[in-house]
Amino acid sequence: MTTGAMPARGASTVMHVRCPDRVPEDVYRQVLEQLAELSPVVQALPPSAALVELKGALRCHGVDARRLGEVLRVRTLSRLGVDVRVGIGPSITVAATASAQLSAPGGVLAIDPEHVTAWLGPLPVGALHGIGPRQAEALRAYGIHSVGLLAAVPPVTVQRLLGGKAGRVAADRARGVDPRPVVPRALPASASVRCAFPRHTLEGSEARAALLGLVVQLGRLLRRRDQVARAVTLTLTFAGGTRWEKTRRLPEASAHDDDLRSMAYRLMDAAGLQRGRLTGIVLKGGDVVRADQVAQQISLDQAREARLVAEAAMDRIRDKYGPGAIGPATAFWHAS
């Protein structure tokens with residue numbers, strides 16, 4: 001089922017890439033950067049997948065599609081320590097179905113255009129990309145257990161079973177028909193900072209001190225980039241690998257410690273730590289834009305204005321003497 005030939009003129013060759021589940025966003029972004037080295041047409045499918053149009057890339061690199069998939073695996077493993085599952089085919093449906101057939105941690109499965117129908121046919125109907133659990137259950141109730149059987153059923157019948165549009169789409173995809181193009185789409189900009197505890201912590205004060213330190217790091221990172229965040233996400237990791245994550249939008253886009261701290265503390269309070277054994281914290285500023293794209297509101301709060309002046313002064317000190325030169329005493333206590 002693998003291909004070593006170049007695609008016909010005008011034909012698409014699509015790569016569907018699946019990262020490990022719950023891959024950290026910063027690592028996912030780096031995987032997207034590796035994909036961009038292979039082709040300029042990359043469509044992010046957060047939180048852990050992506051599509052790549054290889055039509056032009058194959059001519060540029062002078063190798064077949066499977067080889068490009070193997071190159072990607074080698075790069076993500078050697079550079080990022082992450083393995084990926086890569087499905088390749090003449091359409092998004094075929095490529096995504098192929099990547100889902102690979103077992104973790106990784107692999108490459110490339111399907112020739114002329115073998116699509118034969119390859120799809122024996123697969124369980126629920127394995128076809130785009131068929132959800134309820135749709136698969138409805139089809140199986142009528143004896144349609146494989147993709148081949150779905151392709152053999154008249155499209156009008158499939159429409160009666162699944163509904164008009166959903167039935168048409170399912171009937172087409174079972175026959176390997178999927179005209180959707182890969183549409184270049186990057187992840188919205190974000191900035192994140194993280195910390196790990198050397199031992200499991202049960203102390204709320206220790207967690208709060210660590211969070212304050214992350215607030216200072218995140219604010220400085222955004223200001224150095226001349227960016228502001230419209231949302232804040234807090235992710236807590238507990239012993240045993242369980243995670244808690246919540247996002248809230250800021251009242252106004254900001255990169256100031258005061259605003260980030262207030263929202264971060266609200267998120268921490270919402271987590272209700274109680275006696276959870278905390279192992280790590282990630283604080284992320286999301287929906288990030290350039291600072292000059294956001295109107296600056298005039299503040300009549302003199303205390304806040306004084307804190308912003310102090311913040312700018314501390315940034316200059318950190319630029320000159322290093323990030324640890326000045327900051328909240330509580331955060332310094334935690335770092336020590």
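**Sheet arrangement and flanking helices**

In the predicted model, helix α1, spanning residues 25–38, lies across strands β1 (14–18), β2 and β3 (49–53). The direction of helix α1 is at about 160 degrees to that of β2. Helix α4, formed by residues 92–100, lies across β1, β3, β4 and β5, and runs at about 150 degrees to β4.

The strands in question belong to an open sheet of 5 strands, with mixed pairing and the order β2-β3-β1-β4-β5. The edges of the sheet are formed by β2 (42–45) and β5 (107–110), each of which pairs on one side only. From one strand to the next, the twist averages 15 degrees. Strands of a sheet pair through backbone hydrogen bonds, in either a parallel or an antiparallel sense. For β4 (residues 85–89) and β5, the sense is parallel, and the pairing extends over 4 bridges. Opposite Ile88 stands Ala110, a residue of β5.

Ser262 and Ala306 are 44 residues apart along the chain, and a distance of 17 Å separates their C-alpha atoms.

Technical notes. Residues are numbered from 1 along each chain as its sequence is written. This is a predicted model: local features need pLDDT of at least 70, side-chain atom pairs count only at pLDDT 80 or more; totals for chains, interfaces and linings use all residues. Side-chain values use heavy atoms; hydrogens and water are left out. Two strands pair if DSSP finds at least two bridges between them. Helices (H or I, at least four residues) and strands (E, at least two) are DSSP runs, numbered from the N terminus. Axes are lines fitted to C-alpha atoms, for helices over the stretch in contact, and angles run from 0 to 180 degrees between N-to-C directions. Contact means heavy atoms within 4.5 Å.
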